[in-house]
Amino acid sequence: MKFSTKLPTPSTDALQHSQQLQYKIRDVINANNGAISFRTYMEMALYEQGLGYYVAGCRKIGKSGDFMTAPEISPLFSQCLASQCIQILSEIKGDIIELGAGSGLMAVQLLLELEKQNVLPQNYYILDLSPELKQRQKKTFKQLAPHLLDRIIWLKQLPTTFNGVILGNEVLDAMPVDVFTLYKDKLFEHQVIWQDKQLMEQLNPASSTLWDAVTALKLGTMETPYTSEINLNLQGWFKALDACLTQGVVILIDYGYSASEYYHPDRNKGTLICHYQHHVNESPLSYTGLQDITANVDFTAVANAADKAGFEVLGFTTQAAFLAANQLETFFMQILEETPEKHYQLAQQVRILSLPSEMGERFKVIALGKDFLNPLNGFSLTDQRHRL
Ligand SMILES: C[S@@+](CC[C@H](N)C(=O)[O-])C[C@H]1O[C@@H](n2cnc3c(N)ncnc32)[C@H](O)[C@@H]1O
């Protein structure tokens with residue numbers, strides 16, 4: 001992944017698409033007295049019907065897209081996750097829901113492993129904010145596991161009642177966030193305006209909702225401007241998950257930190273970044289709808305919101321520790337025995353998933369239980385709940 005100031009130039013069609021979305025955002029800005037919150041901008045840039053980044057048809061995830069995720073790097077990731085699901089589903093009867101399934105590759109790999117171990121669930125549900133991804137996911141199943149397609153049920157909303165496992169890989173980082181700047185004892189909210197025929201960022205005094213939420217972080221006063229983000233959607237999201245889940249476990253994997261690291265005084269520019277064709281940049285108002293916008297996850301906020309909604313935090317650890325505790329080595333050896341020629345490729349995949357300098361420590365796993373208190377295998381090597 002390259003950090004770039006100069007991005008590849010999109011095609012004329014792509015630029016027109018982006019302009020169409022920007023005009024739609026401009027209209028919303030005009031209807032809202034000339035400014036919208038950054039959160040509203042990010043929501044439209046990613047999810048606006050027919051135009052947003054995740055909703056419009058272009059290829060996002062994988063080598064030919066804008067960024068890579070763990071299931072795209074190696075099937076070992078999904079196999080380890082399958083191993084964790086097996087433990088849970090052997091203790092309670094149920095199915096699996098995957099939130100934000102992207103290309104569908106994790107669903108395929110995970111179900112193939114469950115099939116191998118003779119523990120296929122009756123149904124595998126997929127719920128994505130982007131209904132357009134359904135076609136891509138169907139295609140992935142048709143190509144790699146057509147016999148499993150009849151187990152997949154695409155949902156438009158969470159079921160009213162569910163038992164089992166709810167999974168989300170890199171879903172939290174794709175949620176819209178508010179951006180704020182704290183300077184001395186003043187709190188400013190980043191808003192988006194339309195000026196000189198383009199989108200621009202403007203700082204205004206924070207709304208009372210944002211003020212309350214940032215005050216609760218207890219950041220103190222800052223002698224130099226301190227910018228960061230906050231996800232105000234978490235509470236509502238966990239309430240909805242809680243209402244749906246009767247018994248089971250929610251497992252979320254993402255890049256991020258505990259609150260004390262996230263809001264460390266040195267991290268004074270926040271964590272918001274954009275991905276365009278494997279180039280990282282810090283210009284969320286550019287290429288609207290063509291590039292991904294993402295923020296790291298504050299796992300303390302996740303744990304607090306889940307706890308308030310009625311979940312028990314069952315474990316929190318690094319991706320490396322979670323995979324190792326879920327038989328990473330066994331799966332590695334199995335594939336190696338079947339395909340010894342893949343030795344180098346496999347070793348490289350394990351390195352990317354596990355090394356601290358790659359995904360191993362930057363990515364974390366949190367498990368949230370509902371009427372489920374048994375210790376989970378994934379946290380048997382290290383459990384860092386004390387850091388939350
Ligand atoms: C970064 S992609 C990750 C895709 C896939 N899980 C992977 O690992 O390759 C984020 C996905 O989460 C979806 N998403 C974001 N917020 C969501 C929500 N509240 N419920 C369900 N899906 C959501 C997006 O539409 C997108 O498909």
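Residues are numbered from 1 along each chain as its sequence is written, and side-chain values use heavy atoms, with hydrogens and water left out. Because the model is predicted, local features need pLDDT of at least 70 and side-chain atom pairs count only at pLDDT 80 or more, whereas totals for chains, interfaces and linings use all residues.

The ligand sits in the second largest pocket, where sitting requires more than half of the atoms of a molecule to lie within 2 Å of the grid points. Pockets and cavities were located on a 1 Å grid over the protein atoms alone: a pocket is an open set of points with protein on both sides within 12 Å along at least five of seven lines, a cavity is a set where a 1.4 Å probe fits but cannot get out, and lining residues have an atom within 4 Å of a point. The volume of this pocket, taken as the space filled by probe spheres set on the points, is about 710 Å³. Its lining comprises 34 residues, of which Tyr 47, Gly 100, Asp 128, Leu 129 and Val 171 are the closest to the centre. Helix 8 (234-244) is among the elements that supply at least two lining residues, and its three residues form the largest share. By class, the lining holds 20 nonpolar, seven polar and seven charged residues, with Gly counted as polar and Tyr as nonpolar.

Around the ligand there are 19 residues, and Tyr 47, Thr 69, Gly 100, Asp 128 and Asn 169 come nearest; a residue is near if one of its heavy atoms lies within 4 Å. This shell divides into twelve nonpolar, five polar and two charged residues. Polar contacts (pairs of N or O atoms within 3.5 Å) include a 2.6 Å pair between a ligand oxygen and the side chain of Thr 69. A ligand nitrogen is 2.7 Å from a polar backbone atom of Gly 100, and a backbone N or O atom of Leu 129 lies 3.4 Å from a nitrogen of the ligand. The protein buries 95% of the 600 Å² that the ligand exposes when taken alone, as computed by the Shrake-Rupley method with a 1.4 Å probe.

One cavity of 30 Å³ or more is found in the whole structure. The largest cavity has a volume of about 130 Å³.

Conventions. Polar contact = N/O pair within 3.5 Å; in protein donor to acceptor, adjacent residues only side chain to side chain. Helix = DSSP H or I, 4+ residues; strand = E, 2+ residues; numbered from the N terminus.
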